[in-house]
Amino acid sequence: LELASCCGYEFDPLVVIEALGAERLSTLKRFGHIERRHRLLHSLGARMRFDHHQVHDALYTGLMQPLREEYHRALGAVYERAPRAPVEVAEHFVNAGDVERALPHVREALSVLSGSFLHERALALATRVLEVPRLVRGAERADLILKSLDCLDHLGRRDEQAAGIAELRGLADAVGDSALSLEALFHEGTFLFGSARYAEARRIFESALGLAEETGHGTGERRAHALIGAVAQQTGEVDAMQAHYQRWLELAEAAGDRGDMAAATGGLGPVCIFQGRHQEAAALQERYPEISDEIGNLRAEGMATANLSTSLRYLGRYADAERHVERRLELAQSVGDRRAEATAAVNLGGLQVSMGEYEKARRNLERARRVCREIGARREETTVLQGLGDLAFEEGDVAEAEALFGEALERRREMGDALGEANVVLCLVRLLAAQGRFEEARRHLDLAEPLGERTGCAAMQVLGPAFRAAHLGGEASDALAAWDRHRERLNASDRVE
């Protein structure tokens, strides 16, 4: 049982027997006796598992370290003789303290773990190897750091991510490898983007684009255009967003990269949304998940599904949108992408507020807030605050709604998120107008209407003049003129309003 506990909660009894050097029949009968008499184990076909995780944990943690390491070494040797068991070989030798013996199997093991979205295990394995002084250096160390950073990004562990990026930058500078420098720039920019530091992220991504163009790194050039487009999307710069996503698509088509072609096509969907071409956006984004599914890219399929749900929501097809965003949440969980999980949960909650499903909305918004706080996702948590404000307003808790909108507005301004700021201001103006606090609503509109012009926010460009005409003594002709100019770009709910 002690050696079996080193295999995990579930194990192959034949591996345990081989590691012990025991006689097969008598040991199998002993396992059967333990199962029948003590109920500490259960058979699962050819495998066995412990009766409870606590039984397994008690046995494993109760082993003295030298004995535990010898058990792991024996198990590693068994798997080393087996065909294609890199994860088991690497993990057992690492747990035996014999990291050098594990090293030839680590790269393949990490690929298997990451490909199965087992980010915690992949990170633990890479970290154990990196912690051994002078064992891996140069390009080999950089490769392990890159794999660790991918896991940390999925898991939302920001402090460790920052430390890994700093080490990667130092390695890139030391070895003078342009491809490694490019990776360091992408990881640094992505870290800043995830922290809603958009201006800094843009500068880093533009540096990456320059380096990729200079060195003829086609994949890096496409990636840089995609990321600069994503920054422009967050800051409401629709023309820049369209230009970079379009260039991304052109480069992908020239390279014959179907994955990038699908993702770039999906990226152009939000451009159509901003421009009010909602039917076109939905048509683009209905094709993107199909391509992503064909090439087996679950993360890409998840992003595509999220964009499609937004288009459907803008068209007023709420039930279809809910189905797609639920699929997005499922995909995010299946690949272990916690940031995507938070985004999907907040989008689902916001949609359910619009559908009047308030209890469901609260559960999903609170779930999103919990994940955001665990991973330090400030940008996504700000969206949660806005969603909870909408929910409080719909349920009649005006004071709570105003407090939540106020906090969200302050955060949007700190982040430089102009489009997000315009959207929060609209929420506040609705609330203030409903209470008859028209002068306060006017002050917010005075500050925010220029954002509507700069970001192309159709809701602000139409609803701003409409609020002024309805409540603040503005000219009806101005509101009607704004309606004529921008009504095709409004989503379904904004048209009704």
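Me: Is R411 buried or exposed?
Reply: This is a predicted model, in which local features need pLDDT of at least 70, side-chain atom pairs count only at pLDDT 80 or more, and totals for chains, interfaces and linings use all residues. Residues are numbered from 1 along each chain as its sequence is written, and side-chain values use heavy atoms, with hydrogens and water left out. Buried means under 20% relative accessible area, exposed over 50%, and partly exposed in between (1.4 Å probe, protein chains only). Because its relative accessibility is 15%, R411 counts as buried.

Me: Which residues does R411 touch, not counting those up to four places away in sequence?
Reply: Contact means heavy atoms within 4.5 Å. Leaving out residues up to four places away in sequence, R411 touches R378, E381, T382 and L385.

Me: How many residues of α11 are buried?
Reply: Helix α11 covers residues 178–194 and has 17 residues. Elements that cover its buried residues include α9, α10, α12, α13, α19 and α21. α11 is mostly covered, and the number of its 17 residues that are buried is 12.

Me: How many disulfides does the rule count?
Reply: A disulfide is a pair of cysteine sulfur atoms within 2.5 Å. By this rule, the count of disulfides is zero.

Me: What is the relative accessible area of C6?
Reply: C6 is in no disulfide, and the nearest cysteine sulfur, that of C7, is 7.1 Å away. C6 is buried, with a relative accessible area of 5%.

Key
Helices (H or I, at least four residues) and strands (E, at least two) are DSSP runs, numbered from the N terminus. The expected span of a helix is 1.5 Å times one less than its number of residues.
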